[in-house]
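Subject: Handover of a structure

Dear colleague,

Please find below the structure that I am handing over to you. A short account of the findings follows it.

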Amino acid sequence: FSAEEQGMQAGDVITKLNREPVVVYRDITIYMMLHPSDPVDVEFKRLAADGVTWEKHTVTLTPRYSDENGRYMLGIVVSGRYTKAQGIGETLKYGIYEMVYSVKTTIKSLGMMIHGQVGRDDVAGPVRMVSMIDETVEETIPYGMSAVILTLMNLCMLLSANLGVMNLLPLPALDGGRLVFLLIEAVTKKKVNPNIEGMIHFAGFVLLMALMVFVFMNDIKRL
């Protein structure tokens, strides 16, 4: 694959993809979902011969389609090694990394929906979420209760990020829509007519309910 051909080796640590920071391996996964076949500039560091300092390198990789995996690949594989956080400080730091990743993934997923990169079957509602959680727990049980708890915590974080980002969208009937009216009032120094604001929020609420029904029926159809 391209990574090996361009001189990347086992143990290299990827730091950026097209100048986008890479903190966790899933940053690479979400990037490849958004840009599956585009060439990418990869910045990485490699431990020098002295075993102490790190050397910085940059290569351009071109994804290749793998018939075996059914997707484009760069030839990069996670090492499988996990580093245990040292102390509360590092634990909080990586907790923030996970939260940022969840929010970033949600925003990028919305962008994929706007650009038509995902279809109706990729949209999940409450029914499908419950089904996914049940499947995840069943698959994780053989690895022990701690693995189940950590997996559920990650899912809760992702769901919370989804709800938070969606609620802040500048759409009527959502908190983001209310913030828009507050900003208008702050700029114009005039209060928006409550009747007009109420009608706009009501229209948004109706559309939101229609979307919920659509997602619910789509979930039922997929079960």
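Leu155 is partly exposed, because its relative accessible area is 23%; partly exposed lies between buried, under 20%, and exposed, over 50%, with a 1.4 Å probe and protein chains only. Leu155 belongs to helix H5, residues 145–167. Leaving aside residues up to four places away in sequence, Leu155 touches Ile133 and Thr136, where contact means heavy atoms within 4.5 Å. Between Leu155 and Met129 there are 9.8 Å in space, C-alpha to C-alpha, and the two are 26 residues apart in sequence.

Please note that this is a predicted model, in which local features need pLDDT of at least 70 and side-chain atom pairs count only at pLDDT 80 or more, while totals for chains, interfaces and linings use all residues. Residues are numbered from 1 along each chain as its sequence is written, and side-chain values use heavy atoms, with hydrogens and water left out.

As to the chain as a whole, it has seven helices and six strands; these are DSSP runs numbered from the N terminus, helices being H or I with at least four residues and strands being E with at least two. From the N terminus on, the order of the elements is α-β-β-α-β-β-β-β-α-α-α-α-α. Of the 223 residues in the chain, 24% are buried. Among contacts with a separation of 6 or more, 54% join residues 24 or more positions apart.

Helix H2 (residues 25–34) includes Leu34. Leu34 counts as buried because its relative accessibility is 17%. Also buried in H2 are Asp27, Ile28, Ile30, Tyr31 and Met32. The cover over the buried residues of H2 includes strand E1 (13–17), strand E2 (20–21), strand E3 (40–47), strand E6 (71–73) and helix H3 (87–114). The C-alpha atoms of Leu34 and Met112 are separated by 7.3 Å, although these residues are 78 residues apart along the chain.

Towards the other end of the numbering, which residues does His201 touch, not counting residues up to four places away in sequence? They are Pro172, Ala173, Gly177, Arg178 and Phe181. His201 is part of helix H7 (residues 194–222), and it counts as buried because its relative accessibility is 18%.
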